[in-house]
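Please look through the sequence and the model below before reading on. The questions that come after it are meant to be worked through one step at a time.

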Amino acid sequence: MTALHETPAAGMPTLPAAAGATTAPYVITLPAGLELINSNESQNRHRRARIVKEIRSKAMEAVSECPALMTALAAAKPGPLFQRAHILGILRPATANRRDPANWYPSFKAAVDGLVDAGLLDDDDHTRLVGPDMRLGEKTKGGQLVLVVRGLEPGQDLLNVRAVTR
């Protein structure tokens, strides 16, 4: 399945220029049916490493298949596309059962590492990345991860986190 990419993200509000938005959000959709890691499941370290490698690779591949992202990356060279970014991670589950999207954090982490590998960010530490904020999406056959990446200006506090962390 080919990854879908849109810019701006359908249904996602863009921030006004005065708020410091650098770009409209990019939607990076990983292929449905990827094996994912749930933090509630114990796994053999070799199996886990294989799954992490696959998710990371598929996220990097999804970036390379997005013409808008590739154009933006080329224009940003030699540096990363974003100095800072916010990532919304959407879990599209395979079934309609109740679930906690945060349990799939290890899968989202692997996907974010793939975005770093692709050159969207220099690193995924707290100085460069807000998120991933994980949410539940609609049921999708095979299950799927979607990442919505929005560039931030230096010091921009998109979620007003500083107000509650002081």
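What follows is a set of questions and answers about this predicted model.

Q: How many helices and strands does the protein have, and which pattern do they follow along the sequence?
A: The secondary structure elements of this protein comprise 4 helices and 5 strands.

Q: What percentage of the residues in the protein is buried?
A: A residue counts as buried when its relative accessible area is under 20%. In this protein of 166 residues, the share made up by buried residues is 42%.

Q: Are helices H1 and H3 parallel, antiparallel, perpendicular or oblique to each other?
A: Helix H1 covers residues 45-64 and helix H3 covers residues 105-118, and the two pack with their axes 7 Å apart at an angle of about 45 degrees. An angle under 35 degrees would count as roughly parallel, while roughly perpendicular runs from 65 to 115 and roughly antiparallel lies over 145. The crossing of H1 and H3 is right-handed, and the word for how they lie to each other is therefore oblique.

Q: Which parts of the protein does the salt bridge between Glu-35 and Arg-50 tie together?
A: The closest N and O atoms of Glu-35 and Arg-50 are 3.2 Å apart, and a salt bridge asks for a distance within 4 Å. The two partners are 15 residues apart in sequence, so the pair ties together the loop between strand S2 and H1, where Glu-35 lies, and helix H1.

Q: Are Glu-35 and Arg-50 buried, partly exposed or exposed?
A: Partly exposed residues fall between the buried ones, under 20%, and the exposed ones, over 50%. Glu-35 has a relative accessibility of 31%, and Arg-50 has one of 46%, so both residues count as partly exposed.

Q: How far apart in sequence are the parts tied together by Asp-113 and Arg-56?
A: The side chains of Asp-113 and Arg-56 meet in a salt bridge, at 3.9 Å from N to O. Asp-113 lies in helix H3 and Arg-56 in helix H1, so the distance in sequence between the parts that they tie together is 57 residues.

Q: About how many helical turns separate Asp-113 and Lys-109?
A: These two side chains also meet in a salt bridge, with 3.0 Å from N to O. Asp-113 and Lys-109 are both in helix H3 and 4 residues apart, so the separation between them is about one helical turn.

Q: Is Leu-73 buried or exposed?
A: Leu-73 is found in helix H2, which covers residues 67-76. Its relative accessibility is 3%, so Leu-73 counts as buried.

Q: Which residues form a nonpolar patch on the surface together with Val-164?
A: Val-164 lies in helix H4, residues 162-165, and counts as exposed because its relative accessibility is 69%. The patch has about 270 Å² of accessible area in total, and the residues that form it along with Val-164 are Leu-159 and Val-161.

Terms used:
Residues are numbered from 1 along each chain as its sequence is written. This is a predicted model: local features need pLDDT of at least 70, side-chain atom pairs count only at pLDDT 80 or more; totals for chains, interfaces and linings use all residues. Side-chain values use heavy atoms; hydrogens and water are left out. Patches are made of residues with over 30% relative accessible area and no salt bridge: like charges are joined within 9 Å, nonpolar side chains (Val, Leu, Ile, Met, Phe, Trp, Tyr) within 5 Å. Accessible areas come from the Shrake-Rupley method with a 1.4 Å probe; for residues, only the protein chains shown count as cover. Buried means under 20% relative accessible area, exposed over 50%, partly exposed in between (1.4 Å probe, protein chains only). Axes are lines fitted to C-alpha atoms, for helices over the stretch in contact, and angles run from 0 to 180 degrees between N-to-C directions. A crossing is left-handed if the near helix is turned anticlockwise from the far one by less than a right angle, and right-handed if clockwise.
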